[in-house]
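Here are my notes after a look through this one.

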Amino acid sequence: MAVLFTGIKQLLTFAGDDAPRAGTAMRETGLVSNAAVLVENGVVEAAGPRAAVHRHRLAKKAKVVEVGGVCLPGFVDSHTHMVFAEPRLKDFSMRAAGASYQEIRAAGGGIVSSIDAIRRQAPGAMAAQLAGRAARFLACGTTTAEVKSGYGLSLESELKMLRAVRGAKKLTPLEMVPTLLAAHTVPPEFAGDARKYLAHIAAEILPKAAAEKLAVFADIFCEKGYFTPEQTTAYLKEAARLGLKPKAHAEQLSNYGGTRAAAAAGAVSVDHADHVFAEDIAAMRDSGTIAALLPASNYYLGLSKYPPAREIIAEGVPVALATDFNPGTCPCWNMQFVLSVACTHCGMTPEEALCASTVNGAWALGLGGSRGVVAPGRKADLAFFAADDYRELCYYFGANQCSLTVKNGRIVHSV
Ligand code: NIG
Ligand code: FE
């Protein structure tokens, strides 16, 4: 049955070219005032001025939902580490007492301290916990999210994490896109031998994840003390050969060459990009790579440096925004908070920030064209907010303004 969502004060469609948005195109929101959206069979039938949509042949028999407020495409969060067994509260206390990322790692915290609990967790419990977290994303207006492995760091546990994503799909309407992040750090069994661990990933983990179709993307953490730029290019090329699309965590803590290394392997996105220089930005532009910025992690880590969004946008590289939800550097699942930080600390305009968290997020997940816009024939993934003006979503912070979330045409959250 068709559903007519109407009474919308402002609808941002982001309708336009089937391509990631770059430069000034990131400011084109497709704003329609006094709007309606008509949905049938999980797909948008019509979206635009209320009077025109109400005249559509399906509108007469449709169920009418008077929502009001502001309507956007559901957020597409292209970078999360949503599977983790336990929060890292010891790291949090150390950080509050002044310890840095590197100091916490040296004291036994950081990524490796998430391994034990993940390896112990039963698969069913892992999937159930993930579905519980997914409900929180949906309640904040996110309808699609990437989910990485990367805390198992063994064949068995990495595959267990990815299978939990598959299992959780039956438990939540949140659309989840799995990424293999076996190359997150070197696990203790390999005693710091990154070369040997990468060989193990290439021989065992990548082929099995690919054969079972457990992941769409492969990701690697390119940073001093983790994996080198040379290792990044080789690893991502091997992943691509097996059918996993490349992505990388790069230039998060220092300028180390990860962006150029990932671009050389045809990365769909380079994520973090805090310490990029002009040549790194040019490499992203030349390889058609999206810069996925994660400024809520900078906020949480108490850093004064934020990703140089203005320079990246000025050079014509499409920017996406994502939460980076994870237990160590960003325990935040609310994309609305990311919008606030992007505008207050990265110099992005509200229009750019909203574009980056919807249409460009979809492109960063290889879902551009079907998600991240509100247009006829596209997935009916919508988020409604209790606001009069879309800029309020970036202006108010620390709260959840989402009043209704629609995934594939179905209401999956409402207050
Ligand atoms: O995106 N940089 C590496 N990975 C995560 C942190 C993961 C963790 O600390 O558990 C990030 O910030
Ligand atoms: Fe991350």
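1. **Overall build.** Bear in mind that this is a predicted model. The protein has 16 helices and 16 strands. Its radius of gyration is 21 Å, close to the 22 Å that the globule rule gives for 415 residues, so the protein is as compact as a globular protein of that length. The C-alpha trace spans about 65 × 45 × 45 Å along the principal axes.

2. Of the 415 residues, 62% are buried. If you take the contacts with a separation of 6 or more, 72% of them come from residues 24 or more positions apart. The accessible surface comes to about 15200 Å², and carbon and sulfur atoms hold 55% of that.

3. **Helix 7 against helix 8.** Two packed helices are described by the angle between their axes and the distance between the axes. For helix 7 (residues 194-211) and helix 8 (residues 229-241), the axes come within 11 Å and cross at roughly 5°. Angles under 35 degrees count as roughly parallel, and therefore that is what we call helix 7 and helix 8. On the helix 7 side the contact is made by Ala194, Arg195, Leu198, Ile201, Ala202 and Leu206, while helix 8 brings in Gln231, Tyr235, Glu238 and Ala239. Sorted by type, the residues of this contact are seven nonpolar, one polar and two charged.

4. **Two residues with positive phi.** Most residues other than glycine have a negative phi, so a couple of spots deserve a look. Phe14 is not a glycine, yet has a positive phi of about 55°. You'll find Phe14 in the loop between strand 1 (3-12) and strand 2 (31-40). Lys213 is another residue other than glycine with a positive phi, here near 50°. Lys213 sits in the loop between helix 7 and strand 9 (217-222).

5. **Buried or exposed?** For Phe14, which is it, buried or exposed? Phe14 is buried, with a relative accessible area of 0%. Lys213, on the other hand, is exposed, with a relative accessible area of 66%.

6. **Arg410.** This residue belongs to strand 16 (residues 410-414). Arg410 is exposed, because its relative accessible area is 52% and the cut-off for exposed is over 50%. Which residues does Arg410 touch, leaving aside those up to four places away in sequence? The answer is Pro173 and Thr405. Arg410 and Ala380 are 30 residues apart in sequence, with their C-alpha atoms 8.2 Å apart in space.

Key. Residues are numbered from 1 along each chain as its sequence is written. Chains are lettered from A and ligands numbered from 1 in the order in which they are written. This is a predicted model: local features need pLDDT of at least 70, side-chain atom pairs count only at pLDDT 80 or more; totals for chains, interfaces and linings use all residues. Side-chain values use heavy atoms; hydrogens and water are left out. Axes are lines fitted to C-alpha atoms, for helices over the stretch in contact, and angles run from 0 to 180 degrees between N-to-C directions. Helices (H or I, at least four residues) and strands (E, at least two) are DSSP runs, numbered from the N terminus. Angles under 35 degrees count as roughly parallel, over 145 as roughly antiparallel, 65 to 115 as roughly perpendicular and the rest as oblique. Contact means heavy atoms within 4.5 Å. Ala, Val, Leu, Ile, Met, Phe, Trp, Tyr, Cys and Pro count as nonpolar, Asp, Glu, Lys and Arg as charged, and the others, Gly among them, as polar. The radius of gyration is taken over C-alpha atoms; the globule rule is 2.2 Å times the number of residues to the power 0.38. Buried means under 20% relative accessible area, exposed over 50%, partly exposed in between (1.4 Å probe, protein chains only). Accessible areas come from the Shrake-Rupley method with a 1.4 Å probe; for residues, only the protein chains shown count as cover.
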